[in-house]
Amino acid sequence: MALEATIKGLAEAIGYPEKVPEGVLSFLLRVDGLEVLAEVSDARLVLSTVLTADETMLPTLASYAAGRMLREEAILSWGDSGAFLWQDAPAGADSREMMVLFETFMNSCDWWRARLDALRGGESAVSEPETLMIRP
């Protein structure tokens with residue numbers, strides 16, 4: 001698959017309802033109330049989403065990151081827009097691999113969003129973590 005067809009291939013693989021223009025190397029997907037940026041960079045398909053711009057939450061989120069790295073491929077990072085989660089795969093992945101990438105990324109997003117809701121005292125606050133967390 002040509003790099004220019006990667007994002008359109010991802011959209012088709014996951015059954016995304018909106019039309020993705022031909023040849024785009026960056027596209028914002030809106031899924032389950034979340035904005036996921038799909039980009040092709042250096043022959044990689046990168047999915048990313050901003051979790052929070054609240055810098056005060058970073059130490060707590062970072063304390064979860066080590067344990068999550070053992071469980072998932074998504075990586076917590078900090079940038080200009082705040083804490084964000086990203087995951088990548090080869091841009092030449094087939095449709096099944098793209099679907100698995102997207103599903104695992106969205107599962108990771110759900111886990112991190114639940115933690116953020118808990119930190120904010122939201123309704124979906126979780127009383128006990130679903131997985132083991134390793135804290136430094």
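Strands β4 and β5 (residues 82-90) run antiparallel and are joined by five bridges. Across this pair, Leu-76 faces Leu-85 in β5. The model is predicted. Its chain averages a pLDDT of 87.

**Sheet**
- Five strands make up an open sheet, and their pairing is antiparallel.
- The strand order is β1-β2-β3-β5-β4.
- At the edges lie β1 (26-31) and β4 (75-79), each of which pairs on one side only.
- On average, neighbouring strands of this sheet are turned by 30° against each other, direction ignored.
- In general, strands of a sheet pair through backbone hydrogen bonds.

**Helices on the sheet**
- Helix α1 (residues 6-14) packs on the sheet and touches β1, β2 (34-41) and β3 (44-52).
- The direction of α1 makes about 140° with that of β2.
- Helix α3 (residues 95-120) also packs on the sheet.
- The strands touched by α3 are β1, β2, β3, β4 and β5.
- The direction of α3 makes about 15° with that of β3.

**Confidence**
- Of the residues, 88% score a pLDDT of at least 70.
- Among the elements of the chain, β3 has the highest mean pLDDT, 96.
- Helix α2 (residues 58-71) has the lowest mean among these elements, 88.
- Over residues 124-128 the pLDDT is below 50.
- That stretch, residues 124-128, still has six contacts in the model beyond near neighbours in sequence.
- Where pLDDT is low, predicted coordinates should not be read in detail.

Conventions
Residues numbered from 1 in each chain as written. Predicted model: local features only at pLDDT ≥ 70, side-chain atom pairs only at ≥ 80, totals over all residues. Heavy atoms only, no water. Pairing = 2+ DSSP bridges. Helix = DSSP H or I, 4+ residues; strand = E, 2+ residues; numbered from the N terminus. Axes fitted to C-alpha atoms, helices over the stretch in contact; angles between N-to-C directions. Contact = heavy atoms within 4.5 Å. pLDDT = per-residue confidence, 0-100.
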